[in-house]
Amino acid sequence: MAMYTVRNPKQALTNAVIAYIVFRQTLKMVKRVSIYGLSSTLSLLWKQVAGVVLRHVRRAPGTGVVVQRNISKIVKDIEDSMTVAVPGESKYLTVPEQGMSDDEILAILKRRQNEAGIDWQNGRASGAVYHGGEELVRLTNEAYAMYNLTNPLHPGVFPGLRRIEAEVVRMVLDLYNGDDECCGTTTSGGTESIIMAVRSHVVWGRDVRGINNANIVVPVTAHAAFDKAAEYFGIGITHIPVDPHTQKVDLNAMRRAIDSDTVLIVGSSATFPHGVADDLASLSKMAIKYKVGFHVDSCLGSFIMPFLKEAGFPEVVCDFRLPGVTSISCDTHKYGFAPKGTSVVMYRNKKMRHYQYFTICTWPGGIYASPTIAGSRSGAVIAGCWAAMTKMGRNGYLQQCKDIVSCRISIQKGIEQIPELYVVGEPSSTVVAFSSHEPVGIYGVMDEMKKRGWDLSPLQYPPALHLACTRLTVPVAGEFLRDLGDSVAQVRASPESYCKGAQAIYGFASTVPDTTIIDEVAQGFIDALYAA
């Protein structure tokens with residue numbers, strides 16, 4: 001072998017490279033099997049191979065044209081459904097030559113506010129609108145208007161706003177049992193809070209541990225914002241399966257996925273799909289053992305989870321009492337009832353928060369520093385958030401926790417009484433997810449509920465629906481269960497009639513191996529949002 005290597009250095013180098021590649025791929029395959037099991041790994045591999053083949057087929061003359069034509073038709077149908085002309089309503093595609101009167105502007109806004117849609121005011125929407133009551137809305141609107149022109153980028157101009165923002169962060173830290181060392185910032189929402197937490201841990205990994213190819217390990221049920229962060233920062237992300245019964249993350253699989261480049265593991269309190277809290281205490285111990293960061297995503301749990309015990313429900317410890325927790329995200333604009341566009345990301349200490357910041361001292365415009373993605377930010381939403389929190393008070397949030405979680409439990413019990421349905425996972429907060437037994441298709445149930453005016457959130461893997469209960473859901477829980485029972489009966493009577501609509505869309509999405517097809521449709525949907 002030595003003679004061969006000396007006489008054929010190019011061949012030896014080629015062999016070494018091939019051996020290295022084979023070794024690396026073998027290690028990846030072994031790790032994947034250890035996380036997902038042999039059967040799931042082979043299934044994932046088959047989907048990847050089939051997806052590659054299908055993408056090549058799409059590029060072939062003739063076949064690709066037909067597929068693209070069908071995609072374009074779907075996208076066009078989506079756009080047409082969103083851009084239906086409103087009788088008597090003008091379009092404003094250029095700035096008017098002459099300014100319009102106040103009355104005219106407000107009349108147009110009022111008409112557009114009342115365009116036909118889901119009756120969210122009467123609790124017909126899943127989540128979406130987190131309403132704290134008319135009195136609170138009037139107060140937050142007044143606070144919003146008062147601070148409409150303010151910008152926290154300029155604390156010297158708006159020192160009172162600086163105090164308001166700092167107090168918002170401190171109040172949320174108090175709810176999550178943060179000590180004097182704990183800290184945080186406000187953000188524009190849960191997605192930005194999560195992105196900022198990921199950035200902090202990526203920079204921490206590079207600065208403290210010398211990790212240049214960072215990865216994060218998240219439950220498959222973790223919010224898609226973690227995937228967005230991984231794509232934005234060009235880092236690896238490993239999705240961990242969940243227990244099919246509880247929908248909590250598989251701790252053994254999570255443990256096997258952590259490697260020397262892992263900077264962060266994630267747990268939810270509670271998950272968006274099923275309202276389930278992961279085993280956060282075990283994840284905390286795991287983070288300490290492997291010396292990685294641990295983020296608790298409590299964007300949805302927000303102002304519900306901290307009050308569960310006091311409200312008489314099983315407690316979920318999801319805060320800084322867990323020693324392994326390094327960051328937490330909490331949406332104030334959900335069950336905190338603040339105006340949309342406010343969230344808080346919290347850290348164990350200031351050093352960790354510093355990794356979130358961006359600073360540059362060589363810019364000709366001066367020394368520049370900002371805490372989050374945005375530079376200029378709206379002071380109005382921060383003032384509205386402060387007003388909501390101080391108006392509600394702990395007693396107000398405690399009562400809302402009692403009412404809304406009790407509503408979820410009532411609806412859950414009602415669902416469990418419908419033989420064709422079953423609850424997915426073990427919900428612990430305000431969300432209940434449910435699926436159906438054959439021959440009843442759950443997406444057919446969604447279509448029937450939509451006919452009755454309900455807007456439910458469709459889930460996949462497994463197929464299901466979920467309802468995020470809010471203050472507006474409480475008085476209509478009985479109505480929801482009645483309509484749900486009627487919808488199930490309708491689908492059961494003629495299951496073959498529901499092969500179109502949501503069933504067709506989500507059935508196709510879950511089976512097609514080439515996910516770029518679904519990506520194109522999703523991109524077309526977003527394009528349609530901006531079609532005037």
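The paragraphs below describe a cavity and a pocket, together with the residues around them.

This is a predicted model, in which local features need pLDDT of at least 70 and side-chain atom pairs count only at pLDDT 80 or more, while totals for chains, interfaces and linings use all residues. Residues are numbered from 1 along each chain as its sequence is written, and side-chain values use heavy atoms, with hydrogens and water left out.

On a 1 Å grid over the protein atoms alone, a cavity is a set of points where a 1.4 Å probe fits but cannot get out, and lining residues have an atom within 4 Å of a point. The count comes to one cavity of 30 Å³ or more, and the largest cavity has a volume of about 30 Å³, a volume being the space filled by probe spheres set on points joined across faces, edges and corners. Its lining is made up of Val168, Thr186, Thr332, Thr342, Ser343, Val344, Ile382 and Cys385.

A pocket, by contrast, is an open set with protein on both sides within 12 Å along at least five of seven lines. The second largest pocket has a volume of about 540 Å³, and among its 25 lining residues Glu165, Thr185, Arg353, Tyr357 and Pro371 lie nearest its centre. Two or more residues of this lining come from each of α7 (159-175), β1 (183-187), α12 (350-354) and β9 (368-370), where helices (H or I, at least four residues) and strands (E, at least two) are DSSP runs numbered from the N terminus. The largest share, six residues, is given by α7.
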